[in-house]
Amino acid sequence: MADSTLLDAKGAISPGRRQLTLPAWLALICIIAFSVLLWAGAVISKNAPPVPDIVRSPNQEILVTQANIQSGQEIYLSRGGQDIGSIWGHGSYLAPDWTADVLHRWGLATAGILYNNNPSFSQKDLQALPAPERASLQARVSEQFKTNRYSPETHELLLTDAQSKGLQEVFKDYHELLAKGSAIHSIPSGWFKDDSQIHDVTAFFAWTSWAASANRPNAPFSYTANWPHDDLIGNQPPAQFLIWSIVSVIVLIAGIGIFLFIYLKEEDDEVLPVPARPAVRIPTPSQKVTSLFFGVAMALFLVQIMMGMFTAHYAVEGEGFYGIPLNLYLPYAATRTWHLQLAIFWIATCWLAAGLYFAPRFSGYEPKGQALGNSVLLGALTVVVVGSLIGSWSAVQGLFSVKNSFLWGHQGYEYIELGRVWQILLIAAMIFWLWLLYRGFKPALQKEKSPTGLSHFFLYSAITIPLFYSVGLMYTNHTPLSIAEYWRWWVIHLWVEGFFEVFATVVIAYLCSELGFLRRSSALRATYLTTLLYLGSGVIGTLHHLYFSGTPSFIAAIGSVFSALEVVPLTLIGFEILKTLKLSKEAEGFYRWPLRFFIATCIWNLIGAGVFGFLINPPIVLYYSQGINTTPIHAHAALFGVYGCLAIALMLFALREFVPDDAWDDRWIKFAFWAINIGLVMMLIFGLIPNGFYQLAQSVEYGTWYARSAEVIGSPWMRWTVWLRIPGDIVFALGTVSMFIFTMKAIFAIFQFPVKTYPHKEFQPIEK
């Protein structure tokens, strides 16, 4: 193989030519992108919405203190937080968005005080007014809320008399709601039993509402860029959102055009012929243990699907499951937490196991004690998974104090729900995984002279796995919300959607070169180009999650443009599908199903991440769709469609190489493949898409508060779309069961191999 430091853009040797190589371009792009992202974080921190020391009424009555707001945030997060309702649009979608709901209630009560001194003024009362009178009243309410009366000198917020009385009415409403719960929203009765806790949580919600309505200093919109949409208090999308949405579409079209020009200009990689039946290798002791990881992953997959069914069903039967009072034992916040966490756990387990399998596979060497190390890692991961699930359930049930909930129970932030202790233990387990991977892969690194070759790239991508998950330690339960959201999206966007995908890209490229599908130089070049495109757009594109999180307006400008460019590398997927089809023809009989799951990954990447991801990317679209069921369309199609299928593809690649032919039953995989993918399509077409777009229409017409209200959540349309999900859910679940059965049978066959020490330098092929 040629030294990769001498590879030009085409991967050819270019001695004497002074130009940046692909590795140099990648390093430069990463430095620039992370510099911009860190700079944006510093600006976000500096310009975060202030938390007043005291909130006063005109008669100097203290309504809320900073201590109340801070305590409310910590209490809310400790009881499930973003898995029961949302704040600034981030969280779950069945309970209200607390920011939007409090803001509208507060606005109505204020309108009643201004109109006829009636704090019980309702939406029906507002709509009953003649149009000119209603418009005049809305203008007066808007002036009350849009005027920023916070004093940076005294750190105090002074409300108007009408606002003060309106806020007191909100506290009365929420005392009943948070104490008695709401069946239609799956808010449990007695969610908060202590009056002081209810007061502080409501104070926290009210602060997020104030930040969402009061204009930033020297700006014509609020700290959250006028989100949520609410005509009553004057929240309309800023004009620049339309401009940057148009720019993002133009950039996307231009980016795809430039990419196609460069890509099609390149000569297509030569697909090399491979044996119809490659030699199968006897698994080493460590690879036998690795197969157990896959069994655990499929078991977690099954439980995750079950939790998803429970979570979806709560939308039509808020307190039970077909008459069973499930909310008493497994409330909505717990099922949703488990559904999300188990998805990350089983997918990550497959990817980590693939790394452990491929390290000795690529290096041809197995260190002594590697099997023991893998066993210890599997045990450690099991402890973390079980411990974190029990901890999060206990926190939702209120069995922990606020402090202990953060440490051992529930952090309250979506996708990173596990307690801080479990989070640290998981990071330690991933560092141990990295060490195991390195010691098994060391001979391949020593054999490769260039530090930018494919083997070294494999190691570098592995290092990013524990590194970027560790970013989740940058905030706590009392970190200001804007800053916590900034770091949280580092983990979700950069760890899950960025570097895990880079790692998988390297593994697939390495595997294709090892199996003889592609030349090593072609695999290396494709890996660098793909990674450069992913990170060049994706790192700064992280900001598109933060349009309405109390961030400055330039975040929407930068985030919308760069996240639009994230679709460009996904266009590459269309060409990769064609290339993979060529590969699959060469190995149709042997690697058929691993490759088909990889093809499914490519297709879902284009649809789920590309089409449905861009659907909610432009600022003007996300302004209306933030916090409603359009986001789960993207989440389901991308999280499982892309990362789930890729995890299964990696698992099947590994198992196919050392499961005996007589134990490899394609029928189970074939059924699983079609059932899982068809089930996901049915889930989207009959449930999530009509559900999400109906809510979107309500959000545009009436406001975010209404799209998340009981009238919409409990409407016949929303309920029927949930029921229509059932066939797709069942088909998907049957596919999952089939994959679980196949995996268990494969693992059983693997452990039928005689127990003996195999040569370290070269594994023995099984005789045909």
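Start with everything shown: of the 768 residues of the protein chain, 62% count as buried, meaning under 20% relative accessible area with a 1.4 Å probe and protein chains only. This is a predicted model, where local features need pLDDT of at least 70 and side-chain atom pairs count only at pLDDT 80 or more, while totals for chains, interfaces and linings use all residues. Numbering runs from 1 along each chain as its sequence is written, and side-chain values use heavy atoms, with hydrogens and water left out.

Switch to cartoon and you have 26 helices and six strands, which are DSSP runs numbered from the N terminus (helices: H or I, at least four residues; strands: E, at least two).

Now select residues 54-56 and 62-65. These are β1 and β2, antiparallel and joined by three bridges; strands count as paired if DSSP finds at least two bridges between them. Ile 54 has Thr 65 as its bridge partner in β2. Five residues sit between the strands of this hairpin, where Gln 60 takes a positive phi near 70°.

The four strands make an open, mixed sheet in the order β2-β1-β6-β5.

Next, go inside. Which residues have the most contacts inside the largest nonpolar core? Show Trp 98, Trp 346, Trp 433, Trp 495, Ile 648, Leu 655 and Met 739; the core has 213 residues. A nonpolar core here is a set of buried Ala, Val, Leu, Ile, Met, Phe, Trp, Tyr and Cys residues joined through side-chain atoms within 4.5 Å. Colour helix α15 (481-515), which gives the most to this core, with 25 residues. A second, separate core of 13 residues includes Phe 241 and Tyr 623.

Zoom in on Leu 655: leaving out residues up to four places away in sequence, the residues it touches include Ser 291, Phe 294 and Trp 664 (contact means heavy atoms within 4.5 Å).

Last stop, the surface. Select Tyr 322, Val 681, Ile 685, Phe 686, Trp 720, Trp 723 and Leu 724, a nonpolar patch with about 730 Å² of accessible area together. Patch residues have over 30% relative accessible area and no salt bridge, with nonpolar side chains (Val, Leu, Ile, Met, Phe, Trp, Tyr) joined within 5 Å and like charges within 9 Å; a salt bridge puts a Lys or Arg side-chain nitrogen within 4 Å of an Asp or Glu carboxyl oxygen. Areas use the Shrake-Rupley method with a 1.4 Å probe, and for residues only the protein chains shown count as cover. α22 (666-702) and α25 (716-723) each give two or more residues, with α22 giving the most, three. Tyr 322 is in the loop between α9 and α10.

How values were computed:
Buried < 20%, exposed > 50% of the residue type's maximum accessible area, 1.4 Å probe, protein only.
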